[in-house]
Each structure stands twice: as C-alpha cells, then as structure tokens.
Amino acid sequence: MSQKSSFEPLPVELKQDNKKLGNVPFRLEYDAHKKGGSWWVPIISIIVALMICAVFILFNGMNPITVYGKMLAGAFGSSFGISETIVKAIPLLLCGLGVAIAYKIAIWNIGAEGQFILGAIGATAVTIFLPNLPGALYIPVMMVVGFAAGAIWGLCTAIPRTYFQVNELISSLMLNYIALLLLDYLVYGPWRDPQGFNFPGTQEFTPYQLLASLGGTRLHFGLIFALAAVILFAFFLAKTRWGYELRLLGANPVAAKNAGINITKHILIVMMISGGLAGFAGAIEVSGVAGRLMYGISPGYGYTAIIVAWLAKLNPWGMIITSVFIGSLIVGGYSVQTIGLPSSFSNMLQGAILFCLIGGEMLSKFKLKKVD
Amino acid sequence: MEIIPLIIAAAISGGTSLLFAVLGGILNEKAGVINLGTEGIMLIGAVMSAIVFIQTNNLFITLAVVLIATGFLGLLHAFLCITLRANQTVSGLAITLFGTGLSAYLGKSVAGVPIPVSIPKVELDWLDAIPIIGQIFSGLDIFIWLSIALSIILYVYMYKTAWGLHLKAVGDNPSTSDAMGISVAAYRYFHVIAGSMLMGVAGFYLIMVYSPNWIEGMTSGRGWIAIALIIFARWNPIYALFGAYFFGGLDSLGFRMQIYEFNIPSYFLKMIPYAATIFILMFIGWKNRNKPSVEPKSLGNPYFREQRL
C-alpha cells in the first residue's frame, strides 16, 4: 500500500531545476568533464583548513596567529628547522610516490605505513643477519632488501585483490597493524639491544650501515634517492609504453581491458612498486635518520603520504612541494608543543586540509551559468 | 565446562561495538555511499563520550552529544559525496585522518582518566535456571540488547517495508528511483547521517563498556574490521550480528590466550583479528567467485540527474 507512490505519474520536479534560485538569473551548473580545478585549489584549501583549525585553537584559549607563526618559525625559521623539515619530507615524498602510482590505477593502497615498517625491518635484518659483509656493500644491500620487503608487503595486498576480489583498502590497512605488531615484537623481543637499558630498539648501526649525511647536517643521502625517484616516476609515467598503459587503465579500465591490457599483471606490478617505494623509505629512515630500528620508527608517514599525494594531485613534481609543506607541518607541530598544544594538532590540520581539498576540487567543477 | 559460556560472553561484549559500526556501515552502503570514515567517526564518538561523561556524569547527555557530533561528521561526508560528488573513498579517508587527529587533540585532557560509568544491566533471573544460556544472557548490559534489537529492526526495515525497498532501489539504481519519484539525495543524506551516528554509538560503547578510559587511537582498526564485516555479512543486518560476535570472539581470544600462558608472544596473538579479516575476505571472494555480487550496484558512484543513463 505504501508503495503506491511508485505508480504515481512522474513528478514535475524534473523541470523545476531552473527555478530553484527564484529570481536570480544565475544557477550553479555541474560540469563533470571540466578538469577539476587548477593550481589555486590546493592553496585555497590549505587556507580554509588553517581557518577551520584556528577555531579549535581559539577553543583552546590561544591566539591562532601566534600558533601558526610559531609553527612557521619552527619549520623554516632556522637552518636546523629547515633541515628537519626536509628530513621529514624525504620519507613522505617516497611514500607519496608509492601511493600515487597505485592511485593512478584506482588501487587504494593505504598500507604505506606497514610497507614502510617492513622496509625498515628488512634493512635492519641485513645488519643483524649479515654482520660480516664488506663495508661498502651494506648500504646497497640494505636498500635493496628494504625495497623488496616493502614490495612483498605490497604483494600481500595485491594478490588477495587480484585473485580473491578482496578490497585492497581493508587488506592493506590490516597489514599495517600486523606490521606494527611485528615491529613491536622485534624491538621488545629478539632484536632488542642487550646493552640498551631496556630501550625498545636494536643495536646502533655501524658507520658503514649509515647513509652519508649531506654537509654535516641531519640531512642525508636519502634526499638524492628521493629526488631520483621523482624523476624516474615522471619519466616512466609520461614516456614509456608501460606508463601509457597505466594512464589508460586509470582513465578507463573498460577501454584498457578491451585494448588487451593485462589488468592483473599491472595491479601486481604497481603494488610491488608502491610497496617497494614505501619500503625503500623505511630503509632510508633507519639508516639515514634513526641509525637503528626502534619502537615507533614511523610517526604515521604512510598515512600522511596519502595527503602528500592528493595535495599534489598525484603529480610527482608537485609532490616535492607538498612533501616539504607537510614536513613543515610536522616539524611545526613539534614546536607548538612548547606552548601547550598537543602534537596531534598537526594531524588534525592535515585531515582538514584533505577535506577542504576534495571539497574545493569538486566545487571548482561547478560554474555559474546564466539562465535564459 | 565453564569455558564455553565465558568465551561466548566475551565474544558478545567484544562484538557489540563492532556490531553498531557494521550496522551503520550497512545503512551507508545500502544507500550507495561507501563510508570509509568509520574508524575516525568511532574515535570521535569515543572521545566525545569520555569528555562529556567526565563533565556531566549523565549517560543521556553523553549519548546525545555523541549522536550530534558524529551525525555532523556524517553530514560532512554526505555533503562531499552527494552534493559535491566527491570521490567517496578519498572523502572517507579524509574523515578517518581528521577524526584520528581531532580525537587525539580533544582527548589530551582526558587521556588515561578512568571513566566511572555503570551501564544499566538487564537481569533476567528466570534464565539463570537454564545452564549455559542463563550464564550467557542474564546480566547483559542494556546496549547489547539494544544492538540485537537494532539488527532485527534494521532487517525488517530493509527487507520488509516499502522504505527499505526504496533504499535498495536508491543503492542499486538511483536513476530509476529518481524516475519513480524517490528523492535520491534525501535517502542518501538520511542514511549516511544515521549510519554515521551508529558508528558514533560504536565508539560510545567501546569506551563506556569495553575499555573505559580514553587512549589515543583506541579503536585500533575496529572501524576497518567493521567495513570488512559489511562484506562478510553480505549487507544483511542479521548476518552482521553473527559476524560481529565472531570477530568479537577473535578479539578477546588474544586476551584470553595470554592468561593460559601459551608459548606464543602476545604480539602474534594480537595479530589474529587482522590476519583473520584478510583470510576470511579471501575465502568469501573465492567461495563467491562465480556468484553475482550482492553489493549495492551503484556503490561508490555519485548520482546526478543531468548525466543519468
């Protein structure tokens, strides 16, 4: 009886769209084909997000301008701040490239965190299980093993996805928790430094196992690796047949399938690269920054990388800028702790930025149109 | 055999929070909107419960605030996905990232403070006479019964009422529903907001009953397990009931096995629910490889009238 409505004639509502704004001679029209936004959308999104978070700062009884000023000064105000910002940007850039390549073909890898941790574990395993390697070989072997460990963790997401239709979002996130527990097990258990006064970490690496630093700062050779990865990423995507197939697959999977592109193979390869880049970042982090594997080796780089990638609209060159920007938020977040804001403030700010970004990107697809 | 009722009781108390979240997720997805913000919404629900309850000591006000706060997050997701037609996956991820950050920020003042709460329990004395069932079911708290009732109500709503059929139509084929005169946007908005509120209740239950003090990121992936459970339950609220208890059982298994001192490090026991999620999803995928999917057919696709097919 209550289904009666389905038999009523089509409502006239369909024609009413033009009248919705009353006498205003304009209406908002959505244009799905309009290329979503341009370079100014991310900038405006960041400004709006800063304003939203300013409200929360006011609730905390502080002056937002002071807080943001403090963050800015912390991140860029000293040479130490700048080098710290870039040190944070390196893993973000590599993980961001990793997730971006997966997002290009609509594989929602959110497991960069776990892949990062596995990379760190893999690189550390080299130092523990191969103690007598010739010194010069350590860094290359550690990097390769780190990449491979991340790639295998990526495959653990890709194989269920391709052969068992398991949603990759869920599996990659579950693997993050498993990786985190594995890390905790290792650094509290078998790998803990016996002379470490119960500190949850492995023995410190020997000098051969550390990445060379750049110019006596905390900056390390990983910066070069990360920039090289950007160039390779951009080159392969734009100039090779494989990159073309990926772009086609991302733009129109049905057309790609009809064109004879092997989707399964692409997903497997892309997830290996995606995980591998995050694992590479993990290997660089242990040998370039931490100097050992320890508890909490990643302060959420894998998740933050998602924002880095989206803020740059998956563009590798743009990610250089966005990773430095997000790196500065993290470093700035540390410096506002001194005036009583929790460091999680920068996480909140990142979430708000992502919100405003996707909202802004879609809003920019609407345009005002004159009603005849 | 004292252990069987104990395990089942643990499964029920561990699964109830999951159940609320799964039911919320089913409401979202039935309307055709993926809500990956579950984890963030649960965290906001939990932290708001902690803050408001410590301030007011009143369960009703706490629940009301949780519903408003998480309903607002749902509104945000709905606005982005339905009105602005943003990518639902990214919007959900944004909610989770924002919710995780915001909850840690807000919860700083109540972190680790024990919450002196006692949830009213339903004593069923006449059940005590029956051996196992009596031990399990008498003395469950009121929210467990509420969640069981809710699964049944939602089942009836979805499969036995005209509204529920409209909901299915909106999730499967919005353009046809639109032609029928159903407001797609209204249905989607309503169910996304209501579903998000249920996820908020999941956070509320987690902190009020399951582990009564606020810890940063205390949901530890339960929101994501709930999303996996939607698939496990095949979008059916009654299956969700059993799925949630099954995972609740796995969750508390980690705790229990530590007590019996098996020679397995606790870290590996804690991995069980996460690994099980992946393996069960793989099993479901393999088992249903030749069957048509029961997933709402327009799940994840924004609808706009000007471009309908």
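How close do the axes of helix α2 (residues 38-56) of chain B and helix α4 (residues 88-106) of chain B come, and at what angle do they cross? They come within 7 Å and cross at roughly 20°. This is a predicted model, in which local features need pLDDT of at least 70, side-chain atom pairs count only at pLDDT 80 or more, and totals for chains, interfaces and linings use all residues. Residues are numbered from 1 along each chain as its sequence is written, and chains are lettered from A and ligands numbered from 1 in the order in which they are written.

**Stop 1: chain B as a whole**

Select chain B. Its secondary structure comes to 12 helices and 2 strands (DSSP runs numbered from the N terminus, H or I of at least four residues for helices, E of at least two for strands). The radius of gyration, taken over C-alpha atoms, is 20 Å, close to the 19 Å of the globule rule for 309 residues, so chain B is as compact as a globular protein of that length. The rule is 2.2 Å times the number of residues to the power 0.38. The C-alpha trace spans about 60 × 45 × 40 Å along its principal axes.

**Stop 2: α2 and α4**

Now select α2(B) and α4(B). With axes as lines fitted to C-alpha atoms over the stretch in contact, and angles running from 0 to 180 degrees between N-to-C directions, the crossing of roughly 20° makes α2(B) roughly parallel to α4(B) (angles under 35 degrees). Among the residues that meet are B:Leu43, B:Val47 and B:Ile51 in α2(B), and B:Phe98, B:Leu102 and B:Leu106 in α4(B); contact requires C-beta atoms, placed from the backbone, within 7 Å. The residues of this contact divide into 10 nonpolar, 5 polar and 1 charged (Ala, Val, Leu, Ile, Met, Phe, Trp, Tyr, Cys and Pro are nonpolar, Asp, Glu, Lys and Arg charged, the others, Gly among them, polar).

**Stop 3: the side facing chain A**

The contact takes 44 residues from chain B and 45 residues from chain A. On the chain B side, α4(B) gives the most, with 12 residues. That side divides into 29 nonpolar, 11 polar and 4 charged residues.

**Stop 4: α7**

Select helix α7 (residues 162-172) of chain B. B:His166, B:Leu167, B:Ala169, B:Val170 and B:Gly171 are buried there (20 or more other C-beta atoms, placed from the backbone, within 10 Å of the residue's own). The buried residues of α7(B) pack against α1 (3-30), α6 (142-160), α8 and α9 (184-210) of chain B.

Terms used
Angles under 35 degrees count as roughly parallel, over 145 as roughly antiparallel, 65 to 115 as roughly perpendicular and the rest as oblique. Two residues are in contact if their C-beta atoms, placed from the backbone, lie within 7 Å. A residue is buried if 20 or more other C-beta atoms lie within 10 Å of its own, exposed if 12 or fewer, and partly exposed in between; C-beta atoms are placed from the backbone.
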